Amino acid sequence: MGEAIVVTSGKGGVGKTTTSANIGTALALQGKNVCLMDTDIGLRNLDVVMGLENRIIYDLVDAAEGRCRVKQALIKDKRFDCLHLLPAAQTKDKSAVNPAQMKAIVDELKPDYDYIIIDCPAGIEQGYKNAVSGADQAIVVTTPDTSAVRDADRIVGLLEQEDIDPPKLVVNRVRSQLASQGDMLDVDDVVSTLAIDLLGMIVDDEEVIKAAHRGEPIVMNPNSRASLGYRNIARRILGESVPLMAVEEKKSFFAKVKSMLGLKA
Amino acid sequence: MWKVSTTVEKVMIMAQLAEVKAMNTGPAKNLVTIKGTKEGLTVFLNDQCSYDALTEELKEKVARDHQAFGNGPEVEVKVDVGYRFLTKEQEHQIISLLEEADPIKVKEIQTEVISREEARKEREETGITSYSQIIRSGQDIRVKGDLYLLGDVNPGGTIQATGSIFVLGTLKGTARAGIDGDLRAVVGASVMDPHQLSIAGTYFHAPERHEKKEKGPLYKEPVFAYISEREKEIAFEKTRLLYQMKRDIEKD
């Protein structure tokens, strides 16, 4: 029986879809059966980030309304046999499905997969309620911005009212230099405000943008710093104790690289 | 299982015994006694007999003593009903029965018991409600009486109380004390860094973010906010000086 993990943030543009795609791919890299589920009906992106947009025939709404079987709507990933995507509909909107239908689909998928990663739309309305309805666990993604942290806090408050495990935190797009200068929140500030467990942090990395452009998750590139962050998160989800101290080490490493570049320049 | 049933049986037997005892020792008559105390006349009503028996005797007594009271000056009496719970209708009935004797005026009804509802209300208004959670963005907690929070109030979260507020954590959101107009309410916090704070409609707004020179909270040590008498605005003082203010208030 698989676990359904919803990836949510409240605010848009903090990297929910990127995080969903990469955590899912990283888990598949570890040989797990993973299903990615895009619940952002009307504004679907996960298929694009995964580079699977040209293979969509049926979608989530078709499956919810019984126009096809859930299995028929699944798309197999081009890189991994154990990774599938259930795309959202692009033509409808969030009200096209309700939480009960969503839960039914997740429950149907659970026996066949180790992990179901549910990509949640921005906001706290219908789309959010749909995405959370079938989840057992939640990952809250935020960037170290005051506004993103505020919205993440709101989401954590809402998730605490749901019947799921306490959410875990991913701090995305960390720029250690700005944080150390005091021009941005640092990871510690974010964690102390939200007061939930830190699952991992992802440094700001141009490679992520390039990878998304190619339609290939960044975890496929083993040399990227962001990739390492996502791989560590996947290992922590699998129960390995990858020390969170690595966050600090990575930061100093990052600083070293920066200073080296600075020397070179 | 056996143990449980024996205790239950025991309790039942004890209850039965208590009933028998009450029946045996209960006064046969004289359910209504009138006594003069320092504050005037008090009518004591027996709280063990049935309500019907009580009203019966009350009717008799009043009819009998009507002449005794005559048309003299008005007499204010207190009614003590002991441990009997009276509904509003019953209270009215007792009052009207007593006041049948013209000069009698019921000043108040004293009782040793109150309903659960009344008790809850009283406890709410005078007591401290304690929460141990983080008040997150978008959450709003409102209590009657004082509020005691073990946790933080995050930016965008709100806590409100008709009395005072004490936060054993960091206050980063909004706190409103004395929301029904209690000017003596205070807001205390271990780390005081509110966005907005108000006491009985007097507001304090956090300094603009760009005006804040150094990173960190407004007050790092425990302080409390109160309405300063002189300036009629919110002022902050170290928590260890709170007792002085309370003392000054009590002097007034």
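User: In this predicted model, how many bridges join β9(B) to strand β11 of chain B?
Analyst: β11 of chain B spans residues 187-192. The two strands run parallel. One facing pair is B:F166 opposite B:G188 in β11(B). The number of bridges joining β9(B) to β11 is five.

User: Which residue in β9(B) is the bridge partner of B:L149?
Analyst: β9(B) also pairs with strand β7 (residues 146-150) of chain B. That pairing is parallel and has four bridges. For B:L149, the bridge partner in β9(B) is B:V167.

User: Is strand β9 of chain B largely enclosed or left open by the rest of the structure?
Analyst: Strand β9 of chain B covers residues 165-171. A residue is buried if 20 or more other C-beta atoms lie within 10 Å of its own. Five of the seven residues of β9 pass that test, so the strand is largely enclosed.

User: Which strands stand at the edges of the open four-stranded sheet in chain B?
Analyst: The order in this sheet is β1-β2-β3-β4, with mixed pairing. An edge strand here has a single partner, so one side of it is left without a neighbour in the sheet. That applies to β1 (32-37) and β4 (104-110) of chain B.

User: What is the bridge partner of B:K78 in β4(B)?
Analyst: Strand β3 of chain B takes in residues 75-80. It pairs with β4(B) in the parallel sense, over six bridges. Within β4(B), the partner of B:K78 is B:E108.

User: At about what angle does helix α3 of chain B run to β4(B)?
Analyst: Helix α3 comprises residues 88-99. It lies across β2 (40-45), β3 and β4 of chain B. Its angle to β4(B) is about 150 degrees.

User: Is A:T17 buried or exposed?
Analyst: UniProt, in an unreviewed entry, lists A:T17 in a "binding site" feature. The residue sits in helix α1 of chain A. Its contacts beyond four places in sequence are A:N45, A:L46, A:V49 and A:D119. With 27 other C-beta atoms within 10 Å, A:T17 is buried.

User: How many charged residues are on the side of chain B that touches chain A?
Analyst: The contact takes nine residues from chain B and eight from chain A. On the chain B side, two are nonpolar and five polar. The charged residues number two.

Terms used:
Residues numbered from 1 in each chain as written. Chains lettered and ligands numbered in written order. Predicted model: local features only at pLDDT ≥ 70, side-chain atom pairs only at ≥ 80, totals over all residues. Pairing = 2+ DSSP bridges. Contact = placed C-beta atoms within 7 Å. Axes fitted to C-alpha atoms, helices over the stretch in contact; angles between N-to-C directions. Nonpolar A, V, L, I, M, F, W, Y, C, P; charged D, E, K, R; others polar. Buried ≥ 20, exposed ≤ 12 C-beta atoms within 10 Å, placed from the backbone. UniProt positions renumbered as here; feature names shortened; annotations may be inferred.
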